[in-house]
Amino acid sequence: MDGAEASFAAGAIGASELPDYGSYAPLSIETVPPRLAAYPAIAARLGGRPQDWAVREVGDGNLNFVYIVEGPAGSVCVKQALPYVRLVGESWPLPLARSFYEYNALVREAARSGHVPEILHFDGPQGLVVMENLSPHIIWRKALIARERHETAPAIIGRFLAETLFRSSDLSLPAAEKKREMALFSTNTALCKITEDLVFTDPYREHEQNRWTSPELDDTVAAIRADAAWKIAIQDLKFMFLTRAEALLHGDAHSGSVMVAKGADGEDVRLIDPEFAFYGPMGFDIGATIANLFLNYYAQDGRGAGPAPFQAWLLDAIATVWETFAARFAELWRTERTGDAYPPSLYEDEGQAEASEAALTAFLARVEEDSLGFAGAKMARRILGLAGVADLETIEPPAVRAACERRALALARRLVVERARIKTVAQAIDEAKAILGDVK
Ligand code: SR1
Ligand code: MG
């Protein structure tokens with residue numbers, strides 16, 4: 001996007017205009033071709049006849065089905081929402097409307113920053129988004145597990161977060177438009193509830209869906225459930241998540257929501273899967289990214305000899321995400337503050353640019369502190385609750401996995417409980433190194 005915020009006001013869809021799902025039919029490998037044949041632009045992109053199209057299901061996320069469709073002329077990616085959570089099954093119903101929020105978030109992310117897949121067709125009533133097939137991309141988490149470095153990914157993600165968060169906030173949008181945007185995403189309550197429960201609540205209480213490395217971590221889990229300071233701090237963060245409508249979040253910005261590729265022209269990095277999008281605290285998205293890099297950092301000790309060089313790279317990557325975020329956010333603060341918050345009429349226009357800089361410094365310091373708290377929350381949930389991460393889950397034997405997880409939990413606790421002390425990403429990195437060093 002060039003210059004000022006693209007306005008979605010004219011085309012904004014109200015919650016009352018959610019698609020009518022009366023005709024919804026879940027796709028299967030067999031029914032994908034006839035469905036796509038009904039979309040002329042998609043059929044033309046694939047070429048040939050529907051019977052010539054090869055379909056395979058590739059979804060490895062927790063919620064949906066994803067198909068890659070290849071025709072004689074081209075290929076596409078088809079993502080369809082199910083009326084339930086894929087990971088658990090039909091016993092956990094989930095609204096099809098998550099596809100509507102994902103589509104609307106992707107449109108906004110594309111305009112505000114880029115680095116998302118191109119949308120080729122949206123079929124609201126079928127809960128279906130047809131996107132470009134990102135190839136030869138792989139999920140960043142898989143690359144990190146394999147110790148493959150994508151050198152540009154941390155900076156691209158930092159910049160993406162700065163642009164999407166700043167340009168959807170009251171720093172960029174007039175208040176009325178921002179409130180219309182909030183209204184649109186405010187009904188994505190089912191997806192928010194997943195985060196509210198799975199990140200901020202269930203890991204700290206007995207819940208049938210919780211999973212951990214047992215029996216190795218049984219004592220640790222019991223100690224965490226009895227840890228009053230942790231339970232208070234995690235609820236402080238949950239309250240922030242529930243109430244601070246600062247910016248349109250991706251909502252699930254972990255390394256499994258990033259696709260990366262190396263090509264002759266360099267690397268390509270895309271953020272995918274924003275179905276958890278809603279207006280929340282900026283630090284939540286930044287924290288999700290940082291958390292998953294820290295998880296990989298601790299997992300590397302259980303993933304074969306000689307982890308140190310890659311672990312050092314991961315810590316640099318974490319620093320780069322934050323530094324790039326902060327630098328780009330500052331640039332936008334200085335050049336694109338067109339919203340109702342911190343208006344230039346109070347600062348620069350009055351010859352008080354230094355007051356604007358002071359406000360920026362304080363703003364970023366607060367976002368940094370929030371990000372680290374949320375990072376701790378996002379780390380712990382992947383070890384204590386439903387929905388672990390492959391970085392850790394694939395480590396064998398369990399005793400080795402548990403040792404990695406204990407270190408990750410030690411950092412998670414510090415980030416959540418000692419937020420007043422660990423205020424900067426640089427400090428958090430020092431803490432992470434100290435925890436690793438203590439046990440080696
Ligand atoms: C039941 S969904 C579990 C998790 O998968 C998604 O990636 C989100 O992180 C969610 O919390
Ligand atoms: Mg996902």
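The charged end of Arg86 sits over the ring of Phe65, 4.3 Å from the ring centre. Sitting over a ring means that CZ of Arg or NZ of Lys is within 6 Å of the ring centre and within 35 degrees of the ring normal. Arg366 is placed in this way too, with its charged end over the ring of Phe363, 5.1 Å from the centre.

Before going on, the ground rules. This is a predicted model, in which local features need pLDDT of at least 70 and side-chain atom pairs count only at pLDDT 80 or more, while totals for chains, interfaces and linings use all residues. Residues are numbered from 1 along each chain as its sequence is written, chains are lettered from A and ligands numbered from 1 in the order in which they are written, and side-chain values use heavy atoms, with hydrogens and water left out.

Next, the aromatic rings. The whole structure holds 20 aromatic pairs. Rings of Phe, Tyr and Trp (the six-membered ring of Trp) pair if their centres lie within 6.5 Å; planes under 30 degrees apart are stacked, over 60 edge-to-face, and the rest tilted. The ring centres of Phe166 and Phe329 are 5.3 Å apart and the planes stand at 80°, so this pair is edge-to-face. Phe166 belongs to helix α5 (residues 153–167) and Phe329 to helix α11 (residues 308–335), so the pair ties together parts that are 163 residues apart in sequence. Helices here are DSSP runs of H or I with at least four residues, strands are runs of E with at least two, and both are numbered from the N terminus.

Phe166 and Phe329 are both buried. Buried means under 20% relative accessible area, exposed over 50%, and partly exposed in between, with a 1.4 Å probe and protein chains only. Trp333 and Tyr342 form a tilted pair, because their centres are 5.0 Å apart and their planes at 50°. Trp333 is buried at 0% relative accessibility, whereas Tyr342 is partly exposed at 31%. Ring pairs join Phe166, Trp322, Phe325, Phe329, Trp333, Tyr342 and Phe363 into a cluster.

Now the sheets. One is open, with five strands in the order β1-β2-β3-β7-β6 and antiparallel pairing. Strands pair if DSSP finds at least two bridges between them. At the edges stand β1 (54–57) and β6 (119–123), each with a single partner strand, so one side of each has no neighbour in the sheet. Neighbouring strands are turned by 20° against each other on average, direction ignored. Axes are lines fitted to C-alpha atoms, for helices over the stretch in contact, and angles run from 0 to 180 degrees between N-to-C directions.

Four bridges join β1 to β2 (residues 65–70), and Arg56 has Ile68 in β2 as its bridge partner. Helix α3 (residues 98–112) packs on this sheet, touching β3 (75–80), β6 and β7 (128–132), and its direction makes about 150° with that of β6. Contact means heavy atoms within 4.5 Å.

A second open sheet has three strands, β8-β10-β11, again with antiparallel pairing. Two bridges join β8 to β10 (residues 258–263), and Ile139 stands opposite Met259 in β10. Helix α5 packs on this sheet, touching β10 and β11, at about 40° to the direction of β11.

Last, Asn292. This residue lies in helix α10 (residues 282–299) and is buried, with a relative accessible area of 1%. Its side chain makes a polar contact with the side chain of Arg141, at 3.0 Å. Polar contacts are pairs of N or O atoms within 3.5 Å; within protein, one must be able to donate a hydrogen and the other to accept it, and residues adjacent in sequence count only if both atoms are side-chain atoms. Leaving out residues up to four places away in sequence, Asn292 touches Arg141, His254, Ser255, Val389 and Asp391.
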